[in-house]
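Take a walk through this two-chain model.

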Amino acid sequence: MSKKAKFIEIIERYRGILYKVITIYCTDDDDKKDLEQEILIQIWKSLDKYNDTYAMTTWLYRISMNVAISHYRKTFKTKNRTVSLDAGLFKFTPAPETSERSYEQNVLHKLLSALNEFDKALMFLYLEDKDYEVIADVLGITKTNVATKISRIKNRWKQELTSLKH
Amino acid sequence: MDIDDIKNIWKQDMNVLEHRVRVNEEKIKTLELNKATTTFDKFLKISLAGKNMALVYALISFFIIYKVWDSPFFVIIVSLGAAAMIFSFLQHSPLKKLDLGKLGIVALQEEIYKFRMHTAKTAIYDMTIVGLWMATVGVGVFQIFSGGEVAMNLAKVSAIGFVVCAWFAVAYFGARHIYKDIDVKLKETEDGLEQLRAYKSDI
């Protein structure tokens with residue numbers, strides 16, 4: 001199979017992963033298009049180096065998350081965005097997708113948005129029900145580190161949700 | 001909202017997102033196929049109309065031949081134009097009306113390719129025939145309106161010759177530009193369909 005055909009097959013088959021990554025890191029359409037292009041370019045460049053011993057999904061998560069984190073750092077510096085949970089909930093102007101979400105889904109997305117780019121990747125993979133081992137492999141940290149960080153973030157979220165109720 | 005439910009909440013949200021993406025992609029693919037069909041249909045209809053108009057142009061030439069019947073020289077000139085148009089009609093006889101709505105991507109690509117090849121082969125003849133016909137009709141009309149005295153006046157003949165050549169050149173190069181533009185657009189349509197094929201096996 002030619003490289004082009006393989007590339008198209010991968011994008012077609014695993015486009016769900018890319019859409020999810022792009023959605024959690026970008027809110028406006030221009031940003032999404034930019035990030036999408038960057039991810040696709042990096043996948044194309046890395047395709048020759050893909051090793052069959054890795055699961056394709058793990059490989060794609062690694063590439064897309066690394067590109068998304070870099071992209072987020074670049075655009076965050078440019079746009080100087082800050083997000084706080086309370087401010088987001090009270091002044092929130094929903095993008096087309098968010099207007100269709102339930103309250104809980106909106107709250108979860110706001111909790112994610114408030115995280116830094118690395119923790120966002122961590123929690124995204126956790127929510128995607130990936131093993132701690134896979135998460136550690138994708139993000140390049142130890143399994144223990146993954147467990148510790150996830151536990152801390154969940155505890156923080158729990159506190160924020162409790163304070164919201166009151 | 002319970003912190004232990006967050007994975008389920010996330011899963012529901014992502015299922016909706018993936019479903020919406022799939023629906024949008026299907027819509028886009030259908031739109032792309034419709035666009036390709038419409039573009040090709042437009043050019044096919046123009047070509048079929050052109051093919052039938054060739055007979056009309058031949059009839060115009062026959063009418064002019066009738067009008068200049070007393071002048072054998074002009075009868076021959078105008079007859080050349082009529083013969084050229086009849087040749088053009090016969091040359092384009094392989095062009096047929098198609099029910100494009102029933103064609104899948106592959107069949108549509110094949111039809112576009114065949115049409116492009118046919119147009120590429122016949123373009124040079126079409127351009128020459130149009131120029132020739134306009135020139136011969138121009139000469140015939142000039143003969144009719146000048147009361148049959150054209151051949152007697154060298155200056156007028158030279159003027160006619162110059163106008164005929166200019167007219168021929170305009171028709172030839174104008175048609176060349178149009179054919180090139182049509183081929184570029186059809187090639188883009190073919191390429192677009194090829195991308196659709198890569199994403200989907202059949203519609």
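D129(A) is exposed, because 10 other C-beta atoms lie within 10 Å. The cut-offs are these: a residue is buried if 20 or more other C-beta atoms lie within 10 Å of its own, exposed if 12 or fewer, and partly exposed in between, with C-beta atoms placed from the backbone. D129(A) sits in the loop between α7 and α8 of chain A. Its phi is near 65°, a positive value in a residue other than glycine. Most residues other than glycine have a negative phi.

This is a predicted model, in which local features need pLDDT of at least 70 and side-chain atom pairs count only at pLDDT 80 or more, while totals for chains, interfaces and linings use all residues. Residues are numbered from 1 along each chain as its sequence is written, and chains are lettered from A and ligands numbered from 1 in the order in which they are written.

The buried residues are K120(A), A121(A), L122(A), M123(A), F124(A), L125(A), Y126(A) and L127(A). Take L125(A) from that list. Leaving out residues up to four places away in sequence, L125(A) touches Y61(A), K130(A), I135(A) and V138(A). Here two residues are in contact if their C-beta atoms, placed from the backbone, lie within 7 Å.

L125(A) also belongs to the largest nonpolar core, which has 36 residues. A nonpolar core is a set of buried Ala, Val, Leu, Ile, Met, Phe, Trp, Tyr and Cys residues joined through C-beta atoms within 7 Å. The residues with the most contacts inside this core are V21(A), Y25(A), A68(A), L108(A), L122(A), L125(A) and I135(A). At least two core residues each come from α2, α3, α4 (56-79), α6, α7 (117-127), α8 (132-139) and α9 (143-165) of chain A, and from α1 of chain B. The largest share, eight residues, comes from α4(A). A second, separate core has 20 residues, among them I129(B), L132(B), V139(B) and F168(B). In soluble globular proteins, nonpolar side chains tend to be buried together.

Now the overall layout. Chain A has nine helices and zero strands. Chain B has four helices and zero strands. Helices (H or I, at least four residues) and strands (E, at least two) are DSSP runs, numbered from the N terminus. Buried residues make up 23% of the 166 residues in chain A and 22% of the 203 residues in chain B. Consider contacts with a separation of 6 or more. Residues 24 or more positions apart account for 66% of them in chain A and for 84% in chain B.

Within chain A, look at helix α2 (residues 15-25) and helix α3 (residues 29-46). Their axes come within 10 Å and cross at roughly 135°. Axes are lines fitted to C-alpha atoms, for helices over the stretch in contact, and angles run from 0 to 180 degrees between N-to-C directions. The angle makes α2(A) oblique to α3(A). Angles under 35 degrees count as roughly parallel, over 145 as roughly antiparallel, 65 to 115 as roughly perpendicular and the rest as oblique. From α2(A), the contact uses L18(A), I22(A) and Y25(A); from α3(A), K32(A), L35(A), E36(A) and I39(A). By class, five are nonpolar, none polar and two charged. Ala, Val, Leu, Ile, Met, Phe, Trp, Tyr, Cys and Pro count as nonpolar, Asp, Glu, Lys and Arg as charged, and the others, Gly among them, as polar.

How many residues does each chain give to the contact between them? Chain A gives 19 residues and chain B gives 14. On the chain B side, α1 and α4 (154-199) each give two or more residues. The largest share of that side, ten residues, comes from α1(B). That side holds eleven nonpolar, no polar and three charged residues.

One helix pair spans the two chains. Helix α6 (residues 103-113) of chain A packs on helix α1 (residues 6-67) of chain B at an angle of about 100°, with axes 10 Å apart. The two are therefore roughly perpendicular to each other. E104(A), Q105(A) and L108(A) meet I6(B), I9(B), W10(B) and D13(B).

Finish in α1(B), at K67(B). K67(B) is partly exposed, because 16 other C-beta atoms lie within 10 Å. K67(B) and Q143(B) are 76 residues apart in sequence and 9.3 Å apart in space, C-alpha to C-alpha.
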